[in-house]
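Student: Please take me through the aromatic rings of this model and the parts around them. I would like one connected account, with the cut-offs stated.

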Amino acid sequence: MSNQAYTPGLGNLPFGNQNTNPQASFYGVESQFSPSEANLIEKAIKSVIFDAAPAQYTSLKLLFAKPFEDVNLDEFEYLEKTFGRSPIESAAIVGAAAAAPGANQTQVIAVTAASLNAMTIDLVIVYPDGSHGVITAIGGGNMTVNSLTNAGLPAVVVGDVFSIQGTIRADGMDSFSNYERLETITRYNYVQFFLRAHRWARRELQKHVNAGTTNYLNEDKQEKLTQLRIDMFNSFWNGERGEYAIANGHVAKAMGGIYPTMIAAGSASANPTLAGLQAAFETLAFSTNHKKEGATRFIYGTDEILNEFSKVYKQPGLRYEPNDMIAKLNLKRIELGTMNFVLVPCELWREESCFPSDWARRVIVLDQETVKPKKMKGLPSFEMGQTDDLGKGSFRDYVDFWVAGQLSIEFNNPIASFILDIQ
């Protein structure tokens, strides 16, 4: 028999919908009427936890679409050969300021120190006005130039740049005058190791297994992997190569990412306003075009910034259909002369928990083929595991679940890519 009696219709009902609430009900906490709670009903909790993180992480997929290449150690170096020729720049005029047409006119021109490594005798050069001459002597920081027969030479000022047309040789010569060797640039990087983990006490974990109301345990594991991939993505773009002294006296090597490598290599950059975006982009696109006709580079930026490119280049978006492992990511490309550029949204750049605030208005135009992800041979690029607890013979009364990864990049010819920081 109940010890709670009431008469319907007289008010102050002890039962009813307003008093039928589960324990820890939000209605019970927030309502000004102080309704009661009961342990007779369960809270209605959806079993699947919704992922509220932004989904536009296409650039993450692009990064991990390429297979990782193996290196034997956690550091590696690689060589690049240079273009093999550089222009000559004048430092001062030493001889005649100008030479009128005659048999063979001569000028002695001081050149920069860098230019001395770019020249030999019997090298035909072209003056800024199109006149031609041949280097006949080099010494004391100067070059001596002879004109074509019956031709003059123009005046020279400091900072004039001479193009190298090529070598010349006369019949019957008994010596070589042009010696050179291949010049290389050495670059290097470290392999960085990443880890995320969580810990559950043994009985705490069992409670979730026995009475969990959602897929929290699975989502918690998946979140570790997602955050690890974002860690690696952040380092891919903005990692500073070097060493960190971390906890407990340990030291760890850190990889160099795309942006710091470009800055160190002197990649082209500009700081245009939105009004000047098109001019700056096209200037740098042509000046850094080291690829074959019709080849593709990738424009990375936030949706907001890429929208400005769409406004400038108003042709219908052409679907980018790659031939490699990059999946169908619904990317669009634009054409500029013989060059192709693919727009890649990179919304993580606006996330200040991952990148400094100025990245939200940064554009990096990347020659993707020059970037190769690397890992240490014999170790997987990604791995995960779980430690044993007391019930499985360990002295630890808890379980650690962990995910780990490793990453570095080989970035060849960074000057084929460029940076725009929109003001």
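Tutor: The secondary structure of the protein chain comes to eight helices and 22 strands. Helices (H or I, at least four residues) and strands (E, at least two) are DSSP runs, numbered from the N terminus. The model is predicted: local features need pLDDT of at least 70, side-chain atom pairs count only at pLDDT 80 or more, and totals for chains, interfaces and linings use all residues. Residues are numbered from 1 along each chain as its sequence is written, and side-chain values use heavy atoms, with hydrogens and water left out.

Of the 423 residues in the protein chain, 39% are buried. Buried means under 20% relative accessible area, exposed over 50%, partly exposed in between (1.4 Å probe, protein chains only). The accessible surface of the chain is about 25000 Å², and carbon and sulfur atoms hold 52% of that surface. These areas come from the Shrake-Rupley method with a 1.4 Å probe; for residues, only the protein chains shown count as cover. Contact means heavy atoms within 4.5 Å. Among contacts with a separation of 6 or more, 70% join residues 24 or more positions apart.

Now the rings. A pair of aromatic rings is described by the distance of the centres and the angle of the planes. Rings of Phe, Tyr and Trp (its six-membered ring) pair if their centres lie within 6.5 Å; planes under 30 degrees apart count as stacked, over 60 as edge-to-face and the rest as tilted. By this rule there are 17 aromatic pairs. Phe236 and Trp237 make an edge-to-face pair, 5.3 Å centre to centre, with 90° between the planes. Both residues, Phe236 and Trp237, are buried. Trp237 also pairs with Trp349: the centres are 5.1 Å apart and the planes stand at 90°, so this pair is edge-to-face. Trp237 sits in helix 5 (residues 216-238), and Trp349 in the loop between strand 17 (339-345) and strand 18 (362-366), so the pair ties together parts that are 112 residues apart in sequence. Trp349 is buried, as is Trp237.

These rings belong to one aromatic cluster. Its members are Phe233, Phe236, Trp237, Tyr259, Phe298, Tyr300, Trp349, Phe355 and Trp359. Trp359 has a charge over its ring: the charged end of Arg362 sits there, 4.9 Å from the ring centre. A charge sits over a ring if NZ of Lys or CZ of Arg is within 6 Å of the ring centre and within 35 degrees of the ring normal.

Helix 8 (residues 303-312) comes next. Ile305, Leu306, Glu308 and Phe309 are buried in helix 8. Seen down the axis, the buried residues of helix 8 fall within an arc of 140°, so they line one face of the helix. The arc is that of the directions from the helix axis to the C-beta atoms. The cover over these buried residues includes helix 7, strand 14, strand 17, strand 18 and strand 22.

Helix 7 (residues 277-287) has its own buried set: Leu277, Ala280, Phe281, Leu284 and Ala285. They cover an arc of only 125° around the axis, which puts them on the same side of helix 7.

Thr288 lies in the loop between helix 7 and strand 14 (296-301). With 4% relative accessibility, Thr288 counts as buried. Its side chain makes a polar contact with the side chain of Arg297, at 2.8 Å. A polar contact is a pair of N or O atoms within 3.5 Å; within protein, one must be able to donate a hydrogen and the other to accept it, and residues adjacent in sequence count only if both atoms are side-chain atoms. Not counting residues up to four places away in sequence, Thr288 touches Ala268, Arg297, Ile415, Ala416, Ser417 and Phe418.

One backbone detail remains. Most residues other than glycine have a negative phi, and most peptide bonds are trans. Asn413 is not a glycine, yet has a positive phi of about 50°. Asn413 lies in the loop between strand 21 (398-411) and strand 22 (418-421). Asn413 is partly exposed, at 24% relative accessible area.
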